[in-house]
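Reader: I have the model open. Can we go through a few spots in it?

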Amino acid sequence: MTIPQELMKNTAWLAALTQTINAQNKANFASALVALIRHCADFDCVVILGYHRQRRPVYLYDAIPQNRELLFQHYLNRSYVDDPFYRAFEEGLDEGVYLHEVLAAKLGINPDYVNEFYQSTGWSDEVGFVIPLDTERCVVINLGYLQAKASSVLTAEKKKQLRSLHEIFDVIAALSRQHWLNQSFLLADAPSNNAHIRDVVEQAIDEFGFAVLTGREHDVLKLIVQGFDSNAIAQRLGIGLGTVKNHRKKIYASLNVASVSELFGLFLNYLITIDAKR
């Protein structure tokens, strides 16, 4: 992790770096990381997402001052498929710092995405850190200005800030990899005011069906209730597709359900009635 010489003399930035390192693998890591980036660039909004190939993005963190519900109701449900960052990741984008408009011009962008998300949120001049964790997963840190503040007068300053973001990329990437590398990206991080919800869901996934299934059947069940199909389960567990299908039949029989929809209904009822321990 190479720190630019200029920042080595910046005591405030070094203090923020220390705080971010101390926050590794803790709930406040993302907010500390964003505070560190703010020392090099001024921005209004931030969203951190985890990308996994052929799966929808996973929410990791946000600081959005207005229209925040659009992130959850629109972007994470459907708009992400037209996001240049997501599309570029699917096509093998190299790590680095990228401007949204540059990726949009290179890949083409669905006008509906602009109308439904960008115009609704008021974001503009978005820039993103693209940080691959491994061959299948990536963290993207999106920074943006609100349109009310966007102005051509600030172009020179924004260019300067963009250079600063490029200079600290290696530091931000190293910190991000150390924190998120061993996370599964199967469940979204809960916003701070709902942090207990993720704990309860994780407990429900770990306990659901455990008493009546074999260890491997329970491994398969845990992936089913997180939205994986049989092909993905086979790949993730390193077993054959036929073996997964046999496990599914035994799981359905043991839990007395006839379909995946009944299985999800049973899981949701278990989730509602669980005796939370965390």
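Reader: Is Val 225 buried or exposed?
Author: Val 225 is buried, at a relative accessible area of 12%. Buried means under 20% relative accessible area, exposed over 50% and partly exposed in between, with a 1.4 Å probe and protein chains only. This is a predicted model, where local features need pLDDT of at least 70, side-chain atom pairs count only at pLDDT 80 or more, and totals for chains, interfaces and linings use all residues. Residues are numbered from 1 along each chain as its sequence is written, and side-chain values use heavy atoms, leaving out hydrogens and water.

Reader: Where does Val 225 sit?
Author: In the loop between helix H10 (215-224) and helix H11 (230-237). Helices here are DSSP runs of H or I, at least four residues, numbered from the N terminus.

Reader: And what does Val 225 touch?
Author: Ile 205, Phe 208, Phe 264 and Phe 267, not counting residues up to four places away in sequence. Contact means heavy atoms within 4.5 Å.

Reader: How do the axes of H10 and H11 cross?
Author: They come within 10 Å and cross at roughly 125 degrees. Axes are lines fitted to C-alpha atoms, for helices over the stretch in contact, with angles from 0 to 180 degrees between N-to-C directions.

Reader: Which residues make that contact?
Author: Arg 216, Asp 219, Val 220, Leu 223 and Ile 224 of H10 meet Ile 233, Arg 236 and Leu 237 of H11.

Reader: Cys 138, buried or exposed?
Author: Buried, with a relative accessible area of 0%. Cys 40 is buried too, at 12%.

Note on methods: Helices (H or I, at least four residues) and strands (E, at least two) are DSSP runs, numbered from the N terminus.
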